[in-house]
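Take a look at the structure below. We will walk through its side chains, ring by ring and charge by charge.

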Amino acid sequence: MKFIFKSIQRSFTSQIHYNMVIILNLVFSIAVVFILLQNYYFLKEKHDEFFSWDHPATTYQLSLDTDYMIQYLSDGLNHTPMFYSGKEMIKELNSGNMKTYNFAYTSFAYGDLKGSSGYDFSGKLDEEGNITGVYLSPNAFEALGLKLAEGRAFTQDDFENFDHGKAESVILGSNYSGIFKTGDEIVFKHEDVTDKAVIIGFLEPNTVFGFFGSSSADDILIFPGIYTSFPREEQVDHETVERMVYTDFADSSLYCDDPSVDVQKEINRLTAKYGFYMLNAEPIDGTAYSETKTVSERNMFIMLVLAIITTIIATVSVGGILYVKAIKDRPANCIYLSIGIPLWKINLAAAIEMFIYAGVAVCPSIGLSIREYGRLLIPAWQIAISALFIPAIGLLPLIFANRKCNLDLMIKEQT
Amino acid sequence: MSMIELKKINKIYKTGDSETTVFRDFDLNIEEGSMTAIMGKSGSGKTTLLNILAGIDYPDSGEYLFDGNPVVLNKTSDGVKFRRNKIGMIVQHFALINEYSAFENVEMGLWESGLSSSEQKKKALEVMERLGIAGLKTKSPLVLSGGEKQRVAIARAIVCSPRIILADEPTGALDSDTENEILQILKDLNQNGSTIVVVTHDQEVASICSRTIILEKH
């Protein structure tokens, strides 16, 4: 033990410039590998989260050039010829295998929602103490891949029910199926207006919601919403409804289950036919989904390859420096051998010294990671392997150089 | 019985296709308490013989007996153990480690002895006092004279009480006054019972030895 301590002490002080180069080399290479691995894990975590769900359809987001937006809204308000032309175009667009739709989240504060049976929804509160609801426009149910376990889907009547006295229809997530049955009523207060809703169905268990299925739908309440900005506190007339349907159209999602259809081309054809503003159809799943998935997978692969290449370069570099250091240390090692210190102990001292340097070198990376993320994204055992791999392999040239130590060499190198 | 017996030792160095025979059926006896000089021209095998005696190099064939027991050095660790317990080595250019103090250079001869740290320190200091270098204990070898360095090297060689001291040109790097001092130390060690083998070119060194072996180049 005394030899190992003294040997490390001597090696550190006698070759301090080499040791500093080794430590700096390790600090930077470990930091680069650490960051690459951290990004790999971060990317993998997000990849697994977003790409584990295969969306059945191809979805696009419609958008209008901002230059036309004011005119477009004005058309809706003033019922210009473009408004009527647009209405016809929307009708034709939705008559084929393309469907436009919208959905919007809403939330009910605790106490504003009650079951007619007295159920108070306290077991279904989200992190902010609310119950999540969603308004779906026509077509949205099918476009989002939702399926019913029981009951019926929304009909056109459900979407055109504007009288406050009449109960709305509501479809509930599967977790409510043991609490309510179809035909039960829930009472809800929304924006100071109290309304009733009749339960018409329940979703299948483990249903996910959103473009990428990013949230569970098991606890949500789904209401029909002909448009997303439905002013529920007011009685609305048919003209207002038409205007808002028109207004929402330019910001709709579009669902097309036929992959052979060139959606943008079809939109261009329709806008040209009706003399309507140019609309962009940006894919948000399907093609884009698979392209994004591929890019994500490639990025993960590149991260890993870069981490491996960096490790190899750093290992070769550290190995080279250690070899030069070993040659310079050889006279001392020959002396150790001549007084009966075994070669394995000489190598062990060099290995311990290197692992101490690696331990020091990994600290900045760990410190920065904890500071930035509050946790380690990489498992501790992988940090240990990545930090120890470079010095462990880099030690091989040193061990090779030390094998040549003998008395002959000691005498030659002393003269 | 001889302390060391080499029987029919053969040693050949191969370099590419050429072979250099260093020893062929070489025999050697070294008696306990003797002081033997080994002389010979460069390449005659003096250092190779010293390496074989120290267990650093191995003969290709033949027998090496120490106290009548065969020295079996199948593994590097066998040589290390053998050397640690039985051999003290002195070389021409002192083989001191400059980063250690003179005291640590002496003490390191005991690091693998199994003695406690305090015992190691006590014994190292005793030997330094015996050789008159206790006053140098905190000094770096870099500031010592040639004679002082060789005294430190001798102290390190004898601190573990070896059965035999092997010295390779111990005065080769010293002026004549200092050479005499070192020879006197070796002589005193021999008179106190140490067995010494000295490889030298110097007739004066050989003259203080009880026996001189001259190696011929093949």
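A:Tyr72 and A:Phe276 are both buried. Buried means under 20% relative accessible area, exposed means over 50%, and partly exposed lies in between (1.4 Å probe, protein chains only). This is a predicted model, in which local features need pLDDT of at least 70, side-chain atom pairs count only at pLDDT 80 or more, and totals for chains, interfaces and linings use all residues. Side-chain values use heavy atoms, with hydrogens and water left out, residues are numbered from 1 along each chain as its sequence is written, and chains are lettered from A and ligands numbered from 1 in the order in which they are written.

Start with the rings. A pair of aromatic rings is described by the distance of the centres and the angle of the planes. Rings of Phe, Tyr and Trp (its six-membered ring) pair if their centres lie within 6.5 Å; planes under 30 degrees apart count as stacked, over 60 as edge-to-face and the rest as tilted. Over all chains, the structure holds 26 aromatic pairs. One of them joins A:Phe3 and B:Trp111. Their centres are 6.4 Å apart, with 50° between the planes, and the pair is tilted. This pair crosses between chains. A:Phe3 is in helix α1 (residues 2–14) of chain A, and B:Trp111 is in the loop between α3 (102–107) and α4 (117–130) of chain B. Helices (H or I, at least four residues) and strands (E, at least two) are DSSP runs, numbered from the N terminus. Both A:Phe3 and B:Trp111 are buried.

Now return to A:Tyr72 and A:Phe276. They form an edge-to-face pair, 6.1 Å centre to centre, with 85° between the planes. A:Tyr72 lies in helix α3 (residues 66–78) of chain A, and A:Phe276 in the loop between α8 (263–274) and β14 (279–283) of chain A, so the pair ties together parts that are 204 residues apart in sequence. The two also belong to one aromatic cluster, along with A:Tyr68, A:Phe83, A:Tyr84, A:Tyr246 and A:Tyr277.

A charge sits over a ring if NZ of Lys or CZ of Arg is within 6 Å of the ring centre and within 35 degrees of the ring normal. The charged end of B:Lys86 sits over the ring of B:Phe66, 5.7 Å from its centre. B:Lys137 lies over the face of B:Phe103, 5.4 Å from the ring centre.

Next come the salt bridges. Side chains of opposite charge can pair when their charged atoms come close. A salt bridge is a side-chain nitrogen of Lys or Arg within 4 Å of a carboxyl oxygen of Asp or Glu. There are 18 salt bridges over all chains. Which residue does A:Lys6 pair with? Its partner is B:Glu104, and the closest N and O atoms are 2.4 Å apart. This bridge crosses between chains, from helix α1 of chain A to helix α3 of chain B. A:Lys6 is buried, at 12% relative accessible area. B:Glu104 counts as buried too, at 17%.

Chain B has bridges within itself. B:Arg163 pairs with B:Glu32, with the closest N and O atoms 3.0 Å apart. These two residues are 131 residues apart. B:Arg163 is partly exposed, at 27% relative accessibility. B:Glu181 and B:Arg151 meet at 2.8 Å, N to O. In chain A, a network of salt bridges links A:Glu92, A:Glu266, A:Arg269 and A:Lys273.
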